[in-house]
Amino acid sequence: MHFYTKEECEKWLSDRQRQKPDVIPDVRVERIAYPPAPYQVFFFAHWVASELTYRRPALLFVTEWGLWPSSENWHLYCKLRQTYGDNRQLHEAPGHLFLGHEAEDLASFLQLSMLNGWGGYVLTEANYVNAFFSHDEYVDFYGYKDANLADIRKALGPGQLTVDGSKGN
């Protein structure tokens, strides 16, 4: 795992001749609300981290924070970040590049970002589906093909999470 500055995140995108998904014309979007219970966010984040990445690198680019200061657990975030040997603050390096085998790490950072009320992107190297997670408690999934979004609707759409966080029938 590597931490990136805002400029390094933008370079990561430009090196792949890509843009943030919400500025791409004619891209398909599927909006899914966060799970209703905070303890279900782990399932949601884990699904995103393991299913969207295809075991290839992914960039978690946090672009919004400080909107809900009473819900932000900075201590937990800083301690988690320090376990990876990085002592910079989020505003100094808001990008988190996860290698293909680091889906569990991505899930943890995404879960914490969602619970902290932050917003940002999950940008996958595979580029089949990318996501924007909002401080307003929803995720917009972006794909070029409707078929790429069908699995998201099936796994995370309304009524798909049970009370224990598992998939419903």
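Arg 88 counts as partly exposed, at 29% relative accessibility, where partly exposed lies between buried (under 20% relative accessible area) and exposed (over 50%), judged with a 1.4 Å probe on protein chains only. The model is a predicted one, in which local features need pLDDT of at least 70 and side-chain atom pairs count only at pLDDT 80 or more, whereas totals for chains, interfaces and linings use all residues. Residues are numbered from 1 along each chain as its sequence is written, and side-chain values use heavy atoms, with hydrogens and water left out.

**Salt bridges**

- Side chains of opposite charge can pair when their charged atoms come close.
- A search of the whole structure finds nine salt bridges, each being a side-chain nitrogen of Lys or Arg within 4 Å of a carboxyl oxygen of Asp or Glu.
- Asp 86 takes part in a salt bridge with Arg 88, in which the closest N and O atoms are 2.9 Å apart, and also in one with Arg 81, where the closest N and O atoms are 3.0 Å apart.
- Of these residues, Arg 81 is buried, with a relative accessible area of 1%, and Asp 86 also counts as buried, at 10% relative accessibility.
- Arg 153 pairs with Asp 146 in a salt bridge whose closest N and O atoms are 3.8 Å apart; here Arg 153 is partly exposed at 32% relative accessibility, and Asp 146 is partly exposed with a relative accessible area of 43%.
- A network of salt bridges links Arg 16, Arg 56 and Glu 125.

**Helix α1 and its surroundings**

- Helix α1 covers residues 6-15, and within it Cys 9, Trp 12 and Leu 13 are buried; helices (H or I, at least four residues) and strands (E, at least two) are DSSP runs numbered from the N terminus.
- Seen down the axis of α1, the buried residues fall within an arc of 95°, so they line one face of the helix, the arc being that of the directions from the helix axis to the C-beta atoms.
- On the face of α1 turned away from its buried side sit the exposed residues Glu 7 and Asp 15.
- The buried residues of α1 are covered by elements that include β1 (2-4), β3 (58-64), β4 (95-98) and β5 (119-124), with contact meaning heavy atoms within 4.5 Å.
- Just after α1, Gln 17 adopts a positive phi of about 55°.
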